[in-house]
Amino acid sequence: MDRYESHPARDMAVRSMTAVEAGDRETWLGLFAEDALIEDPIGPSPFDPEGKGHRGLEAIGRFWDETISKMPVHLDVRESYATGNECANVATITLAMPDGSRAIVEGVFTYRIDDAGRLAALRAYWEQDKLRFEPASAP
C-alpha cells in the first residue's frame, strides 16, 4: 500500500491489515470504536448465519477468535480508493492452511472511520462460491 497517498481511512485500513497479518489481536481490536461493525462477508455466512454482522468490541473479538486467529492471513491490495471517511480496497486474501494448502478470497474490503479516527465499520464484499483452494505444494 506504499504506492498510495496517505488518507485517514486508508491509513486505518493499513493498520488493520498489518495487525491481522501479524496475528496481533489486541492491536487490531484497539483500532475499533466501541459500537463498530464488521460484516465479513456481508450477509449470511458460516461466520454469521443471520447476516447481521458483528457489532461491538466483544462480538468483534469473538469474530477474531473464531476466524482470523485460526490460520495466517496475507492481504494483497491491488487497488485502493479513499474519499470522505472511507476507503475501499480491491484485494486478495490468502489463508495458509495447516496442511500447506491455501484458501484464496478475492473481494472489495471497505473501512469507515468515525469522527474520532476509530474504525467504525469494516465490510467485506466477497462471494463464498468463488472461494478458491490451492493444494499444498509437493516437497
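User: Which conventions apply to the model?

Analyst: The model is predicted, so local features need pLDDT of at least 70 and side-chain atom pairs count only at pLDDT 80 or more, while totals for chains, interfaces and linings use all residues. Residues are numbered from 1 along each chain as its sequence is written, and side-chain values use heavy atoms, with hydrogens and water left out.

User: How is a salt bridge read, and how many does a search of the whole structure find?

Analyst: Side chains of opposite charge can pair when their charged atoms come close. A salt bridge is a side-chain nitrogen of Lys or Arg within 4 Å of a carboxyl oxygen of Asp or Glu. The search of the whole structure finds nine. One of them joins R132 and E106, at 3.2 Å from N to O. This pair links distant parts of the chain, 26 residues apart, with R132 in strand β7 (residues 132-134) and E106 in strand β5. Strands (E, at least two residues) and helices (H or I, at least four) are DSSP runs, numbered from the N terminus.

User: Which residues are linked in a network of salt bridges?

Analyst: R25, E26 and D65 are linked in such a network. Within it, the side chains of R25 and E26 meet at 3.1 Å, N to O.

User: Is D40 buried or exposed, and where does it lie?

Analyst: Buried means under 20% relative accessible area, exposed over 50%, and partly exposed in between (1.4 Å probe, protein chains only). D40 is buried yet has no salt bridge; R123, the nearest side chain of opposite charge, is 11 Å away. For charge, Lys and Arg count as positive and Asp and Glu as negative; His and the chain ends are not counted. D40 lies in the loop between β1 (32-39) and β2 (54-55).

User: What joins the side chains of D40 and W126?

Analyst: A polar contact is a pair of N or O atoms within 3.5 Å; within protein, one must be able to donate a hydrogen and the other to accept it, and residues adjacent in sequence count only if both atoms are side-chain atoms. One of 2.7 Å joins the side chains of D40 and W126.

User: By that reading, are R132 and E106 exposed or partly exposed?

Analyst: R132 counts as partly exposed because its relative accessibility is 37%. E106 is partly exposed too, with a relative accessible area of 34%.
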